[in-house]
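Please examine the sequence and the model before reading on.
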Amino acid sequence: MRLSRRALLAAATATASLPTASPASAARRRRTGFENLAASHYAQLSDQRTGIVTNPTGITRDVRHIVDVMHADPRVKLTAVFGPEHGFRGTAQAGGSEGRYDDPATGLPVYDTYLKSGQALADIFTASGVDTVVFDIQDVGARFYTYIWTLYDCMEAARLAGKRFVVLDRPNPVTGRAALGPVLHREFATFVGRQPISQAHGMTVAELARLFNGEFLRAPVELDTVLMTGWRRSEWYDASGLPWVPPSPNMPTPDTALVYSGTCLFEGTNLSEGRGTTRPFELLGAEGVDGRWAAAVGELGLPGAHFREAYFAPTFSKFQGKTIGGVQIHVHDRDAYDPVRAGIALLVTARKVWSGFAWRPDNWIDKLTGSTLVRTMIDAGADTDEVAAGWERELAAFRRVRGEYLVYR
């Protein structure tokens with residue numbers, strides 16, 4: 001068979017773009033919790049009226065939504081869907097949800113869980129008539145990403161309503177190697193942090209569910225976790241072979257997740273965290289910021305990343321329609337990059353080089369970091385190392401507790 005020059009070039013380009021993998025890695029088949037549930041013929045849901053908490057990330061490898069798959073399977077009694085922030089089908093922006101409606105594709109009732117907890121959420125589970133609540137949402141590894149607290153609230157509500165709770169596991173896209181950053185103080189608990197875990201937790205949702213059940217719920221819920229197979233703690237999302245579906249509108253790629261646990265802290269300042277651009281949380285800036293910021297953070301020699309002077313005009317959120325200056329983070333060695341430490345370094349240097357720097361008036365930074373420590377130390381002139389030293393004792397204590405609930409190597 002003869003191939004045209006165009007076909008030969010296309011084949012060469014496709015081959016060159018494939019990620020390399022060791023023979024052992026290539027041979028090791030990875031399965032999500034849902035894949036293992038389906039392979040068991042849905043044994044954990046046998047004869048159970050089932051409702052599922054999910055969003056657009058609840059997909060199969062061929063990008064079918066698991067609600068559509070389960071609804072079409074006679075072995076599953078799927079009777080309800082529960083939508084989190086942004087909604088079950090993902091139509092709402094940050095801080096929004098889809099409300100109560102019947103899903104046009106399946107006819108299933110969709111209940112809104114966003115900002116509901118305790119008895120109010122338990123009443124929704126009771127009204128739905130389900131026996132078992134299933135959770136399957138892709139997390140991104142940061143304490144302030146609200147889906148893990150949707151998990152926590154739903155576990156507590158299921159306990160109150162007397163329902164079983166089943167968690168279908170998915171990879172932590174930024175690996176499960178380490179817990180990083182400050183630990184939440186309970187007096188700062190909000191929906192961006194209900195319980196004292198570290199800013200980057202380094203766990204999967206099934207591991208978090210076990211931690212929540214063992215350490216934080218008022219009493220344990222009847223919990224079943226359907227684990228992944230083939231996943232290792234050191235693996236990044238691209239090793240999973242799974243397509244990436246944005247878990248929320250401003251989490252477009254796994255690259256976003258890589259920096260998010262540090263740069264989301266800029267939500268607590270008057271600088272843009274890059275919302276309204278194509279690289280949210282990688283682009284940071286404000287009016288009046290110039291190249292001195294990129295130079296200052298670059299001089300710190302933070303491992304794994306370069307910091308480029310950048311100018312951009314957000315299409316929504318802070319500085320909408322205005323051209324502003326700042327930095328873009330370019331991670332070149334993700335194994336060496338520490339996102340939380342980088343986030344602190346960016347805050348420290350921004351405050352030094354830009355006279356307009358200010359915290360949000362409501363001290364939202366304290367809710368994001370989990371205490372007053374980061375804000376007060378930076379205001380006092382502390383450098384990155386000094387700020388990080390301030391949380392080490394609490395982080396070490398959390399790491400010991402966390403270690404009891406890790407289930408993957």
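Q: Are Tyr145 and Tyr260 buried or exposed?
A: Both Tyr145 and Tyr260 are buried; the term buried applies under 20% relative accessible area, exposed over 50% and partly exposed in between, with a 1.4 Å probe and protein chains only. This is a predicted model, in which local features need pLDDT of at least 70, side-chain atom pairs count only at pLDDT 80 or more, and totals for chains, interfaces and linings use all residues. Residues are numbered from 1 along each chain as its sequence is written, and side-chain values use heavy atoms, without hydrogens and water.

Q: How many aromatic pairs does a search of the whole structure find?
A: The search finds 16 aromatic pairs. Rings of Phe, Tyr and Trp (its six-membered ring) pair if their centres lie within 6.5 Å; planes under 30 degrees apart count as stacked, over 60 as edge-to-face and the rest as tilted.

Q: Why is the pair of Tyr114 and Phe191 called tilted?
A: The ring centres of Tyr114 and Phe191 are 6.0 Å apart and the planes stand at 55 degrees, so the pair is tilted.

Q: Why does Tyr114 count as buried?
A: Tyr114 has 13% relative accessibility and therefore counts as buried. Phe191 also counts as buried, because its relative accessibility is 14%.

Q: What makes the pair of Tyr145 and Tyr260 edge-to-face?
A: The planes of Tyr145 and Tyr260 are 80 degrees apart, with 5.5 Å centre to centre.

Q: Which residues form one aromatic cluster?
A: The cluster consists of Phe144, Tyr145, Tyr147, Tyr260 and Phe281.
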